[in-house]
Amino acid sequence: MASLRVQKVGILGAGRVGKAIAVLARRAGLEVAMVGSGEPVDEVVAADAVVLAVPLGKFRTLPAGHLAGCVVVDAMNYWWELDGARPDLDDPTTSTSQTVAAFLEGARVVKAFNHLSGYALEELARPAGDPDRIAVAVASDDRRALELVEVLVDALGYDPVVAGGLAEGMRFEPGTELFGADATAAEARDMLERFWNTQRGRVVARARGSR
C-alpha cells in the first residue's frame, strides 16, 4: 500500500456524513470535491476515490455512467423507516454493496465508513498509533481499490480492518454488532468473526446456503 496515494476525495451527498468526511479529508491535507443531489459531478468523479453519502434508497439516481472506472466508497445504509420496504436491499443472500455494484457497472466499489455514527466521524478520528483510535471495516472484490481505500481510511484518522469481499459487507450493515460500535481494530475483527454466531448471521448463512 505504500505506493498508493490519495490526493483528492470526491463526495456525492452533502448531508452529515458527506460533510464530516469532507472536514476529515481537508484536515488530512486532501483536496475535496463535494456535490449534492442533481449537481454536476465532473469534478467529483475525477477524484482518486468517490464517497457515496446519499440515502441508499436513492442509489438508482446515482450517475452510473460517470462512475464507471472510479474507486467508489459505499458509505450508504438501508433504513426501512426512510427507504420503505425494499426487498432488493433486504436480501440476506447478498450485501447492499453488491446490489449497488451491480447497478454501478464498471465502478470499483468498496464498502467503508457506513458503520460509523455521525458523532464518530465528527469527533473520534485519531492519529496513527493513538490507543483510542477506532476501526473502519472495508470490503471489496477489487484488491487494488480496497488497498487505496485502506490508505484513505488511515489518512482520515481510523484503522482499516479488511472484512473480505463485497459479500462480507453484510457483517457490518445495520443490525450487526459492529454497526455503530466505536471499536478498536482488534475489537472490530472479533465482532466481524462473531457475526456468524448471531441471529442475523445464522439467517444469512441459511439463505446463502440454500441459494
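**Entry 1**

I started at Ala135, which stands opposite Asp159 of β7. This is a predicted model, in which I took local features only at pLDDT of at least 70 and side-chain atom pairs only at pLDDT 80 or more, while totals for chains, interfaces and linings use all residues. Residues are numbered from 1 along each chain as its sequence is written, and side-chain values use heavy atoms, with hydrogens and water left out.

My helices (H or I, at least four residues) and strands (E, at least two) are DSSP runs, numbered from the N terminus. Strand β6 covers residues 135-140 and pairs with β7 in the parallel sense over 5 bridges; I call two strands paired if DSSP finds at least two bridges between them. I then followed the chain from β6 through helix α7 (residues 143-156) to β7, and the three make a right-handed β-α-β unit. Right-handed here means that, with the strands pointing away from the viewer, the path from the first strand over the helix to the second runs clockwise.

**Entry 1: the whole sheet**

Next I looked up the strand order. The sheet is open and has 7 strands, ordered β2-β1-β3-β4-β5-β6-β7, with mixed pairing. Both β2 (31-35) and β7 (159-164) are edge strands with a single partner strand each, so one side of each has no neighbour in the sheet. From one strand to the next the twist averages 25°.

At the β2 end, β1 and β2 are parallel and joined by 5 bridges. Leu12 has Val35 of β2 as its bridge partner. Here too I found a right-handed β-α-β unit, made by β1, α1 and β2.

Further in, β4 (residues 71-74) runs parallel to β5 (residues 108-112), and 4 bridges join them. One partner I noted is Arg108 in β5, bridged to Val71.

Helix α5 (residues 96-103) lies across β3 (49-52), β4 and β5, at about 155° to β5. That angle is between N-to-C directions, on a scale from 0 to 180 degrees, with axes as lines fitted to C-alpha atoms, for helices over the stretch in contact.

Which residues of α5 are buried? They are Thr96, Ser97, Thr99 and Val100. Buried means under 20% relative accessible area, exposed over 50%, and partly exposed in between (1.4 Å probe, protein chains only). These α5 residues fall within an arc of 155° seen down the axis, so they line one face of the helix; the arc is that of the directions from the helix axis to the C-beta atoms. Their cover includes β3, β4 and β5.

I picked out Ser97, which is buried at 0% relative accessibility. Leaving aside neighbours within four places in sequence, Ser97 is in contact (heavy atoms within 4.5 Å) with Asp74, Val109, Lys111 and Leu166.

**Entry 2: the cores**

I turned to the largest nonpolar core, where Phe113, Leu156 and Tyr158 touch the most other members among its 37 residues. Such a core is a set of buried Ala, Val, Leu, Ile, Met, Phe, Trp, Tyr and Cys residues joined through side-chain atoms within 4.5 Å. The elements that each supply at least two residues of this core include β1 (8-12), α1 (16-27) and α6 (118-123). Helix α7 gives the most, 8 residues. A second, separate core has 24 residues, among them Leu56, Ala64, Tyr78 and Leu166.

Most residues other than glycine have a negative phi.

Leu156, apart from its neighbours within four places in sequence, is in contact with Phe113 and also with Ile21, Leu24, Ala25, Ala28, Leu30 and Ala125.

Is Phe179 buried or partly exposed? Phe179 is partly exposed, at 21% relative accessible area, and lies in the loop between β7 and α8 (185-194). Not counting residues up to four places away in sequence, Phe179 touches Asn77, Trp79, Asn114, His115, Phe172, Glu173 and Pro174. Its C-alpha atom is 9.8 Å from that of Ala137, 42 residues apart along the chain.

In α8 itself, I found Ala185, Ala188, Met191 and Leu192 buried. They cover an arc of only 120° around the axis, which puts them on the same side of α8. Their cover includes β6 and β7.
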